[in-house]
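Please open the structure below in your viewer and keep the selection tool handy. We will go from stop to stop together.

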Amino acid sequence: MSKKFYITTPIYYPSASPHLGHAYCTTMCDIIARGKRLRGFETFFLTGLDEHGEKIQKNAEAKGISPQEFVDEVALKFTNLWETLKISNDDFIRTTEPRHYETVQKIFSDFVAKDDVYLSSYKGWYCVHEESFWTETQVGEEHVCPDCGRPVELKEEPAYFFRCSKYVDGLVKYYDENPKFITPEGRKAEMINNFIKPGLNDLCVSRTTFSWGIPVKESEGHVVYVWLDALTNYITALGYGQENNENFKKFWLDEDCEIVHVIGADITRFHTIYWPMFLKALDLRQPSRVFVHGLMMMKDGKMSKSKGNVIPVPPLVERFGVDAVRLYLCREIVFGQDGQFTPEQFVERLNADLANNLGNLLNRTVSMINKYFDGIIPSFKADLNDLDKNIHELAEKTVKSYEYLNDELKVTEAYASVFDLVSAANKYIEDSAPWALAKDPEKKELLESCMAHLAAVIYLAGTLLSPILVTKSEKIFDQLGVTPELRNYEDAQRFGALDGLKVVKGEQLFPRLDATVEIEYIKQLMAAPKEKAAA
Ligand code: ME8
């Protein structure tokens, strides 16, 4: 299996502040990246901002500042949010940086020289919001954007085009030969039926009607159209076309590196049709996968500022902790499917997984080891009965399914399997009845074995959950007395690794939330932006 891994989020438009939808995508990528690092993969995790385009220019004008000042301000909000959520990205690319800017100009010139890009003129229906041209059929009689439903305007301008016709057959062949390239699979049929079969027009790759973009060197007045600018971030950030291109060699050129782009459904077309064509034209390998995640919805539809139904993330993190918010996002919204945020489910999920399941297991185990063995974890000897054997086998099986499911990007399922192990360990306590074993001196070995198994399972579960529980897993280890050199993936799988260590009863890590109070608190948070808008 490949031991190198490159994962990217979309580069977001800094046209407004980030919300829970952006936080969702970035957090899931972070959980995946941390999971790979835990298992010893050399990992590169990229996120960043897509800072050019007409929308940003207009927003800046409306505020009376320069586009650069505007994006600098919003960029801070994104980087602050990533810090709050403890996102472990290795780089943060902004498309206004010279390393990106200059490389895009080189790529554009290369395309012109090879005749993959040619000058012509464009007439079509244009949506300012989506920054996309549409055909007559796509905008329909009402002349609205098929993506966002806003009115479109008829525009004609000189423009450069990318020769899609030259690459489309190769693309379909690539899909066929790489069935996992687009995941979930249903998205592939959508691309073929909606865009490729009806006939793919050459893609417009320059604009003359606004100036906030990367200038085309070949022709004054043209700037590079946002999607050619934006998509190439995935290679410019690694050093493509630049002097320092070590990361590019390691994480792109090396065929052994698995490359995963995680995106929302709204931008599938660009990542699965145009991006592979640009790469082919550059004579570069394709990404291994484009994974399309679902949308975070609210009861009244998609989260959006204008509807006033966005959840501000920082107060949520402040109240419930970063681990809790990350856990909710990963567990409650199945990766690859749409999900709906409700305050009720948020609180219920935290209580079920953390207070009732994991927290309960930890508290009971640490208390029992204190009570029966003066806090010293008894040595693991063997599985003494079927109960021991079953929980031990389940622990081993969980590691296998965790790895397999994570590699398949079934991330929600991967973590569900760990919580299943935690539930099984709680049941193992009930079935083994250590309180009864403690009363009979002849059953001492069984009692020792029970505690050794419990400590081993919590140590393993805490390790497997560490990509989500970025602060609490360490606190779990503190309570189990796990020494720093034992805090790694290999030792965590070894029953007996904790023999003789001393547990430390600490603060309650996952207190039960009062549902009525907390649901009310979240509802107030959700109402706040609406009230502000009304004021
Ligand atoms: O499209 N639920 O940027 P963008 C889940 N700059 N995810 C959501 C979401 C929601 N409610 N809202 C947004 C762009 N997202 C381009 C990308 S990439 C080369 C260029 C996430 O700011 C989701 O991943 O509109 C979606 O694809 C992305 O934000 C779009 O961000």
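This is a predicted model: local features need pLDDT of at least 70, side-chain atom pairs count only at pLDDT 80 or more; totals for chains, interfaces and linings use all residues.

**Stop 1: helix α3**

Select residues 67–84, which form helix α3. This helix has 18 residues and reaches 26 Å from its first C-alpha to its last, close to the 26 Å expected at 1.5 Å a residue.

Now colour Pro67, Phe70, Val71, Val74, Ala75, Phe78, Leu81 and Trp82: these residues of α3 are buried. Why do they sit on the same side of α3? They do so because they cover an arc of only 125° around the axis. Here is a handy rule to keep in mind: an α-helix has 3.6 residues a turn, so residues three or four places apart point the same way.

Turn to the face of α3 directed away from its buried side, and you will find Leu76 and Glu83, which are exposed.

What covers the buried residues of α3? Show β1 (4–12), α1 (20–38), β2 (42–49), α2 (54–63), β3 (91–94) and α12 (313–320), which are among the covering elements.

**Stop 2: Ala33**

Next, select Ala33 in helix α1. Is Ala33 buried or exposed? Its relative accessible area is 0%, so Ala33 is buried. Leaving aside residues up to four places away in sequence, Ala33 touches Ile7, Thr43 and Phe45. Then try a distance label: the C-alpha atoms of Ala33 and Asp491 are separated by 20 Å, although these residues are 458 residues apart along the chain.

**Stop 3: helix α10**

Move on to residues 246–253, helix α10, and highlight its buried residues Phe248, Phe251 and Trp252. Look down the axis of α10: these residues fall within an arc of 95°, so they line one face of the helix. Their cover includes β1, β2, α9 (233–236), β11 (257–264) and α11 (268–281).

**Stop 4: α14 and α18**

Finally, show helix α14 (residues 343–373) together with helix α18 (residues 444–464). Their axes come within 10 Å and cross at roughly 145°, and the crossing is left-handed.

Which residues meet here? On the α14 side, pick Leu361, Leu362, Thr365, Met368, Ile369, Tyr372 and Phe373. On the α18 side, pick Lys444, Leu447, Glu448, Met451, Leu454, Ala455 and Ile458. Colour this contact by residue type and you will see 11 nonpolar, 1 polar and 2 charged residues.

Terms used:
Residues are numbered from 1 along each chain as its sequence is written. Side-chain values use heavy atoms; hydrogens and water are left out. Axes are lines fitted to C-alpha atoms, for helices over the stretch in contact, and angles run from 0 to 180 degrees between N-to-C directions. Helices (H or I, at least four residues) and strands (E, at least two) are DSSP runs, numbered from the N terminus. A crossing is left-handed if the near helix is turned anticlockwise from the far one by less than a right angle, and right-handed if clockwise. Contact means heavy atoms within 4.5 Å. Ala, Val, Leu, Ile, Met, Phe, Trp, Tyr, Cys and Pro count as nonpolar, Asp, Glu, Lys and Arg as charged, and the others, Gly among them, as polar. The expected span of a helix is 1.5 Å times one less than its number of residues. Buried means under 20% relative accessible area, exposed over 50%, partly exposed in between (1.4 Å probe, protein chains only). The arc is that of the directions from the helix axis to the C-beta atoms.
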